[in-house]
Amino acid sequence: MAEDKYTIHISGLTGRDKEEAASELLRTLKRSDPTAKLELISDNAQAMDAGATILLILGSGAGVAIAHGIQNWMGRWKKGRLVFKDGDREAVLENATQDTLIQITEILAKK
């Protein structure tokens, strides 16, 4: 089965809020798609913090559940902003709107 890799970086928050938001996003995505491989990675190898970037590896057809999870997270973290990358493309996601859900789903579907 083919796997697609993405990074999701949280910005728009500072310090402890950023770490808490990253941990919550990780939990939300695990609940959205238990088959997804997720890893919280450090933004700075020299820092002691957990980081605010998540590596997401999906199998085929898992995008819609993950998109809903991201939209739900964004509804709770209104100041949070996500930079969603798949290697070739990058999308900056702000505000939990229907357009956000469509944008995420399109990125996940176009590999």
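**A tour from helix α3**

The model in the viewer is a predicted one.

Next, select the whole of α3, residues 98-109. Its twelve residues reach 16 Å from the first C-alpha to the last, close to the 16 Å expected at 1.5 Å a residue. Within α3, now highlight Thr 100, Leu 101, Ile 104, Ile 107 and Leu 108, which are buried. These residues cover an arc of only 130 degrees around the axis, and therefore sit on the same side of α3.

To see what the buried residues of α3 pack against, display β1 (3-11), β3 (53-59), α2 (63-76), β4 (81-85) and β5 (90-93).

From that group, move to α2, a helix of 14 residues. From its first C-alpha to its last, α2 reaches 20 Å, close to the 20 Å expected at 1.5 Å a residue. Colour its buried residues: Gly 63, Ile 66, Ala 67, Gly 69, Ile 70, Gln 71, Trp 73 and Met 74. The buried residues of α2 pack against α1 (15-32) and α3, and also against β1, β3, β4 and β5.

Three helices and five strands are present, and along the sequence they follow the pattern β-α-β-β-α-β-β-α. Of the 111 residues in the chain, 41% are buried. Among contacts in the chain with a separation of 6 or more, 58% come from residues 24 or more positions apart. With the surface displayed, the accessible area of the chain is about 6400 Å², and carbon and sulfur atoms account for 48% of that surface.

Definitions and conventions: Residues are numbered from 1 along each chain as its sequence is written. This is a predicted model: local features need pLDDT of at least 70, side-chain atom pairs count only at pLDDT 80 or more; totals for chains, interfaces and linings use all residues. Side-chain values use heavy atoms; hydrogens and water are left out. Helices (H or I, at least four residues) and strands (E, at least two) are DSSP runs, numbered from the N terminus. The expected span of a helix is 1.5 Å times one less than its number of residues. Buried means under 20% relative accessible area, exposed over 50%, partly exposed in between (1.4 Å probe, protein chains only). The arc is that of the directions from the helix axis to the C-beta atoms. Contact means heavy atoms within 4.5 Å. Accessible areas come from the Shrake-Rupley method with a 1.4 Å probe; for residues, only the protein chains shown count as cover.
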